[in-house]
Amino acid sequence: MTAAPEAITTRPATSADMPAISGLSARVFGPGRFVRTAYRVREGTPDVSAFCRVAVLGDRLVAAIRMTEIAIGGRGGALLLGPLAVDPDFANQGHGRRLIAESIAAAREHGRELVLLVGDMPYYGRLGFSPVPKGQIQMPGPVDLARLLALELQTAAIERFRGGVAAAAAPNEEAPRS
Ligand SMILES: CC(C)(COP(=O)(O)OP(=O)(O)OC[C@H]1O[C@@H](n2cnc3c(N)ncnc32)[C@H](O)[C@@H]1OP(=O)(O)O)[C@@H](O)C(=O)NCCC(=O)NCCS
């Protein structure tokens, strides 16, 4: 009898995953990734927040999503999504979408109000994201405004967030680790 193929599973990321996550990001985004504006926000923040997740096949990293706690105009309760990286060998199999959905569900459950990202509207629009109204939110560097997208986790949350984006400490609460 042959063994059943191992399944790809997801779980919260830990700091032990960081070398593999960094390696995957390097492979997928290349050396230019460090000059991206979203990287500036994350500089100096903890590697792993409560909402970072990975998809793994045994001990092989298949996909990873990072979420960084941010404040917008000094108001906390928002997250910056990214990078999201999927190993090209496993692309278009739903792993990106699954990690986004799981991470966002945990963020909503833990009272976060908004998820912000810089990314492709054709991909993230299908997941509920829409462009931030022009001029409402500023990143600390140049961003193509058509790619600055947000998802409200609470009704009309976008109206409560105006101003500049900066990394922030996580609100004082017990973090999800399941
Ligand atoms: C983009 C990425 C995160 C998608 O993850 P994935 O697990 O491969 O994709 P999913 O299985 O979740 O979704 C697949 C669907 O999204 C579509 N898709 C993938 N990338 C897309 C993009 N950049 N724009 C629009 N649609 C895209 C696929 O065509 C597919 O469509 P279908 O369901 O109609 O067949 C992944 O391919 C990746 O890491 N790419 C390189 C890094 C990158 O460009 N990241 C930036 C994301 S903005």
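Select G30, the residue that follows α1 and has a positive phi, near 75 degrees. Residues are numbered from 1 along each chain as its sequence is written. This is a predicted model, in which local features need pLDDT of at least 70 and side-chain atom pairs count only at pLDDT 80 or more, while totals for chains, interfaces and linings use all residues.

Now step back to helix α1 itself, residues 18–29. Helices here are DSSP runs of H or I with at least four residues, strands are runs of E with at least two, and both are numbered from the N terminus. The end C-alpha atoms of α1 are 16 Å apart, which agrees with the 16 Å that its twelve residues should span at 1.5 Å a residue. The expected span is 1.5 Å times one less than the number of residues.

Next, select strand β8, residues 148–152. Four of its five residues are buried, meaning that 20 or more other C-beta atoms lie within 10 Å of the residue's own, with C-beta atoms placed from the backbone. Over the protein, buried residues make up 35% of the 178 residues.

- β5 (residues 114–118) is antiparallel to β8, with five bridges; V115 stands opposite L151 in β8.
- β6 (residues 130–131) also runs antiparallel to β8, joined by two bridges; here S130 stands opposite A150 in β8.

Move to the ligand. Which residues come nearest? Select A91, G96, R97, G119 and P122, out of 15 residues around the ligand. A residue is near a molecule if its C-beta atom, placed from the backbone, lies within 6 Å of it. Color β4 (75–86), α3 (95–109) and α4 (121–124), each of which supplies at least two residues of this shell. By class the shell has seven nonpolar, six polar and two charged residues. Nonpolar means Ala, Val, Leu, Ile, Met, Phe, Trp, Tyr, Cys and Pro; charged means Asp, Glu, Lys and Arg; the others, Gly among them, count as polar.

Finally, zoom out to the whole protein. There are four helices and nine strands, in the order β-α-α-β-β-β-α-β-α-β-β-β-β. The C-alpha trace spans about 60 × 35 × 30 Å along its principal axes. Of the contacts with a separation of 6 or more, 74% join residues 24 or more positions apart; a contact means C-beta atoms, placed from the backbone, within 7 Å.

Terms used: Buried ≥ 20, exposed ≤ 12 C-beta atoms within 10 Å, placed from the backbone. Contact = placed C-beta atoms within 7 Å. Pairing = 2+ DSSP bridges.
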